[in-house]
Amino acid sequence: MRIQDMHWSQVEARVKEDDRCVLPVGSIEQHAYLSLATDMILAERVSVEAAAPLGVPVFPCLPYGMASGFADFPGTVTLSLRTYIGVFEDMLDSLYRSGFRRILIVNGHGGNTPVNPVISEWLNRNRDCSVKLHDWWRAPKTMAKVLEIDPAASHASWMENFPWTRLEGAPIPNFQKERIDFAAAARVDAGRKRERIAEGNYHGVFQRPDAEMLAIWQVGVEETRHEIEHGWH
């Protein structure tokens with residue numbers, strides 16, 4: 001039940017029976033030769049597929065996140081921490097006004113995790129709610145499956161190269177990139193970071209067989225569905 005396929009009175013009726021919803025959040029940023037919207041695409045798709053059998057409403061993904069480290073890659077859109085906090089609080093307030101009291105945030109971008117204390121503070125003001133932040137790609141079972149297939153996995157490498165994040169005609173290099181120096185990349189501005197990470201892959205090969213990717217995806221969907229079903233207040 002995607003919110004875009006519902007009208008307001010359907011939502012009003014739904015929350016009287018079930019006060020759960022899913023809000024995906026992502027980022028528009030460089031992913032080497034994959035879509036700039038990779039984090040958004042994956043967060044929304046895993047949310048929709050996980051929620052579908054349960055009938056839990058899924059909101060459209062918030063596409064923009066905090067990606068200042070990639071600011072010098074054209075096409076990247078980054079929000080300041082100050083702005084992101086405000087947007088995040090406004091979204092939670094809106095969901096609360098609609099009647100939702102159990103909210104699963106499905107996050108597709110590591111740079112968004114600073115919102116954890118924002119959620120904690122918001123919950124102190126809204127004590128009848130339960131909010132969970134689920135980093136779907138590095139949740140325990142999903143990451144275990146990734147590492148089982150190939151431990152050389154990282155941002156913009158094979159582990160994000162799904163059929164729905166791949167771009168027609170874009171190059172797919174056939175080599176395994178050496179691990180970047182994360183400490184060196186973290187202590188410089190976006191321009192020098194771009195120089196140090198080249199096309200954007202942090203390390204590992206650029207693509208693996210689709211059968212392996214679909215196996216990872218299935219685990220990710222099931223693990224996200226478990227978060228929707230269990231562990232609430």
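## Loops, helix packing and cores

Ala32 sits in the loop that joins strand S1 (20-25) to H2. The model is a predicted one. Ala32 has a phi near 55°, a positive value in a residue other than glycine. Ala198 also lies in a loop, between helix H7 (190-197) and H8. Its phi is positive too, at about 55°, although Ala198 is not a glycine. Ala198 is partly exposed, with 44% relative accessible area.

**Helix H8 and its partners**

H8 spans residues 210-229 and packs against H2, residues 38-51. The two axes are 8 Å apart, at an angle of about 65°. Angles of 65 to 115 degrees count as roughly perpendicular, so H2 is roughly perpendicular to H8. The crossing of H2 and H8 is right-handed. From H2, the contact takes Leu42, Arg45, Val46, Glu49, Ala50 and Ala51. From H8, it takes Trp217, Gly220, Val221, Thr224, Arg225 and Ile228. Seven residues of this H2 and H8 contact are nonpolar, two are polar and three are charged.

H8 also packs with H5. Their axes come within 8 Å and cross at roughly 165°. Angles over 145 degrees count as roughly antiparallel, so H5 is roughly antiparallel to H8. This crossing of H5 and H8 is right-handed. H5 brings Pro140, Lys141, Thr142, Lys145, Val146 and Ile149 to the contact. H8 answers with Glu212, Ala215, Ile216, Val219, Gly220 and Glu223. The contact of H5 with H8 has six nonpolar, two polar and four charged residues.

| Helix pair | Angle | Axes | Contact residues by class |
|---|---|---|---|
| H2 and H8 | about 65° | 8 Å apart | seven nonpolar, two polar, three charged |
| H5 and H8 | roughly 165° | within 8 Å | six nonpolar, two polar, four charged |

**The nonpolar cores**

In soluble globular proteins, nonpolar side chains tend to be buried together. Here the largest nonpolar core holds 25 residues. Val22, Trp136, Trp158, Phe162, Ile216, Trp217 and Ile228 touch the most other members. H2, strand S2 (102-107), helix H5 (140-149) and H8 each give two or more residues to this core. H8 gives the most, with five residues. A second, separate core has 24 residues, including Ile3, Val11, Val118 and Ile119.

What does Trp136 touch, leaving out residues up to four places away in sequence? Its contacts include Leu42, Ala43 and Val46. They also include Trp217, Gly220 and Thr224. Val106, Asn107, Gly108, Thr142 and Phe162 complete the list.

**Two further loop residues**

Is His155 buried or exposed? His155 has 15% relative accessibility, and buried means under 20%, so His155 counts as buried. His155 lies in the loop between H5 and helix H6 (182-186). Not counting residues up to four places away in sequence, His155 touches Glu29, Gln30, His31, Phe70, Glu160, Gly200, Asn201 and Tyr202. The C-alpha atoms of His155 and Glu227 are separated by 24 Å, and the two residues are 72 residues apart along the chain.

Gly110 occupies the loop between S2 and helix H4 (116-125). Gly110 is partly exposed, with a relative accessible area of 29%. Beyond residues up to four places away in sequence, Gly110 touches Trp137 and Arg138. Gly110 and Val22 are 88 residues apart along the chain, with 18 Å between their C-alpha atoms.

Terms used. Residues numbered from 1 in each chain as written. Predicted model: local features only at pLDDT ≥ 70, side-chain atom pairs only at ≥ 80, totals over all residues. Heavy atoms only, no water. Axes fitted to C-alpha atoms, helices over the stretch in contact; angles between N-to-C directions. Parallel < 35°, antiparallel > 145°, perpendicular 65-115°, else oblique. Left-handed = near helix turned anticlockwise from the far one by under 90°. Contact = heavy atoms within 4.5 Å. Nonpolar A, V, L, I, M, F, W, Y, C, P; charged D, E, K, R; others polar. Core = buried A, V, L, I, M, F, W, Y, C linked by side-chain atoms within 4.5 Å. Buried < 20%, exposed > 50% of the residue type's maximum accessible area, 1.4 Å probe, protein only.
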